[in-house]
Structures are given as C-alpha cells and as structure tokens.
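Subject: Structure handover

Dear colleague,

Here is the structure for your files. My notes on what was found in it follow below.

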Amino acid sequence: DIQSPDAEYVDLLLNPERYTGYKGPDAWKIWNVIYEENCFKPQTIKRPLNPLASGQENTFYSWLEGLCVEKRAFYRLISGLHASINVHLSARYLLQTWLEKKWGHNITEFQQRFDGILTEGEGPRRLKNLYFLYLIELRALSKVLPFFERPDFQLFTGNKIQDEENKMLLLEILHEIKSFPLHFDENSFFAGDKKEAHKLKEDFRLHFRNISRIMDCVGCFKCRLWGKLQTQGLGTALKILFSEKLIANMPESGPSYEFHLTRQEIVSLFNAFGRISTSVKELENFRNLLQSIH
C-alpha cells in the first residue's frame, strides 16, 4: 500500500531481475501453492513434472481441455508468467570467472527448464504460454491508449519539460502497439450468463490478490519484488481488457470516475510488459546460442 507508513520505495533500475540463487524446495513450494490454490484445479489433478504426479500428465491436460475458455486462459497466463521469469533468470545468470563476476546466458539452465526432451514435452508448452501472455499484455496496452491520451493525464518527475517528452514517447509506443494487427480477441471471455461472468471476474480478481500474497512468502527480496510487480502488471492488463466500455465512455477532460489506473498499476503494467518483451527477445538469443553450438 503506497499510503502505508511501512511502504518501501525501490529503484527498479538498481535492482534488476536476474538469477539470485533462490531455488530448490522453497522456490518450488511457492509456485506449487500458486498453481494449486489459484488455477481452478482439484487436488486430485497433478501438474506435469510434479514429483507427486506419478505419470498423470495426460490426466492433467484432459482435465484442462474440459475447462471453460476463461479458466484455461487463467492457467496459461500463470504458466506464461512462470516461464517468463525463468527465461529472465537463465538469461541473467551469475557466471563465475577467476577475475570477475559476470552476468550472462546460462544455456544449460535454459535447457533444463525448456528443452522438449529434458522436460518431457512440457518446456515447449510453457513457451507457448509465454507468447500467450505477451499477446494479452500487448492487447491491453492497445486498449488503454485513450486513458493516457487524455490531457489530464500527466507524468510527474519534477521536470516539466522531461514530463512532456516522456508522455510523447509513451504515446508513440502505444500508437505503435495499436497499429499491430489484432492478435487476440478478448470478447470470447465472459460472454455467457451475466451472473456467472460476474462471479468468474471476481474469482480472477481474488486469485490475483491471493497470488500477490503468496509472493510475500518468497524469501529472496528481488524475487519477491519482481514477482509481485509482474503479477500486478498482469492483473492490471486484465482489468483493462475487461473495461473496454468504461474506457470508451471516459470524459475527454476532468476526473474519470468509471475507469482509473493508480500509479502502482501504471508502473506495474509497463514494467511487466517490459519483462515479457525482454523474454521474447531472450528466446531469440537462446535460439541463436543453441544453433551455434550444434
């Protein structure tokens, strides 16, 4: 809470997301709880590569295909977020040398997480979910352009000239995104019974809040920081996608009471998109590195 006396301000440029050594049972438990408590999954169904699964991979995907499109999408988004974070950690890995600490690409780590053979086919599915997440956040940014175009929306850094330049750059990026062909149609979401749709939207909101709370249990400060930031960014993207009518009805000037983004939501939205965009770029880098050694 930004208003809390215990709130901490963190310079994200001084605390980049990269491999910190936080792994093993503790890290596995965090992600396992996220999947088990928030992906609409009964406890009897185990995820692939789960040590407790005992060969239930086919059961899992049969169960997943039986869900409604919204619940399937929710699982794919969480899986895509998980995959994106793992790409970052593999791309900015601490490579020890005799002379200095060097951060770079760890091909072995990447293969252990995403190679089709080593992961029994699960790695490529994770990467598909990563691209799905990318398209969702890309779509959200194209939809939210009118909010940032309003004259009343200003960036405040203390430097008026810099603020104006930053807003121009922001709008330039958003217009570039909007010029892309339509990659995802969110209108297929929540298109059924209105009461059921409302309940499902509320479930989504509560699940994202719960995931953020689970992230509070992460023992590594940087991992917790970037995990919560990207979770909130994804939640903000979904808020935008499901608020199309509210965005369209915003007044051209004056306060917007129907649709509004807080400072935290704006920061998390753009940083989350920056992270998933970096993941997409790093996949190309890893592809080139793997080709060069074969």
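Predicted model: local features only at pLDDT ≥ 70, side-chain atom pairs only at ≥ 80, totals over all residues.

Thr20 sits in the segment that precedes helix H1, which spans 25-38. The unreviewed UniProt entry marks Arg18, Thr20, Trp31, Ser79, His82 and Arg113 as "binding site". In the model, Arg18, Thr20, Trp31, Ser79, His82 and Arg113 from this set belong to the lining of the second largest pocket.

The unreviewed entry in UniProt also has an "active site" annotation, given to Cys220 and Cys223. From this set, Cys223 is part of the lining of the second largest pocket. As for Cys220, its place is the loop that runs between helix H8 (194-215) and H9.

Helix H5 covers residues 122-143 and helix H9 covers residues 221-241; their axes come within 9 Å and cross at roughly 55°. Because of that angle, H5 counts as oblique to H9. The crossing of the two helices is left-handed. On the H5 side, the contact is made by Leu133, Ile136, Glu137, Arg139, Ala140 and Lys143. H9 contributes Leu234, Ala237, Leu238, Ile240 and Leu241 to the contact. Sorted by class, the H5 and H9 contact holds eight nonpolar residues and three charged ones, with no polar residue.

The other pair is H4 with H11. Helix H4 (residues 107-114) packs against helix H11 (residues 263-292) at an angle of about 110°, and the axes are 11 Å apart. Angles of 65 to 115 degrees count as roughly perpendicular, so that is how H4 and H11 stand to each other. Here Ile107, Phe110 and Gln111 of H4 meet Leu283, Phe286, Leu289 and Leu290 of H11. This contact of H4 with H11 divides into six nonpolar residues, one polar residue and no charged residue.

Best regards

How values were computed:
Residues numbered from 1 in each chain as written. Heavy atoms only, no water. Axes fitted to C-alpha atoms, helices over the stretch in contact; angles between N-to-C directions. Helix = DSSP H or I, 4+ residues; strand = E, 2+ residues; numbered from the N terminus. Parallel < 35°, antiparallel > 145°, perpendicular 65-115°, else oblique. Left-handed = near helix turned anticlockwise from the far one by under 90°. Contact = heavy atoms within 4.5 Å. Nonpolar A, V, L, I, M, F, W, Y, C, P; charged D, E, K, R; others polar. UniProt positions renumbered as here; feature names shortened; annotations may be inferred. 1 Å grid on protein atoms, 1.4 Å probe; cavity = no way out; pocket = protein on both sides within 12 Å on 5 of 7 lines; lining within 4 Å.
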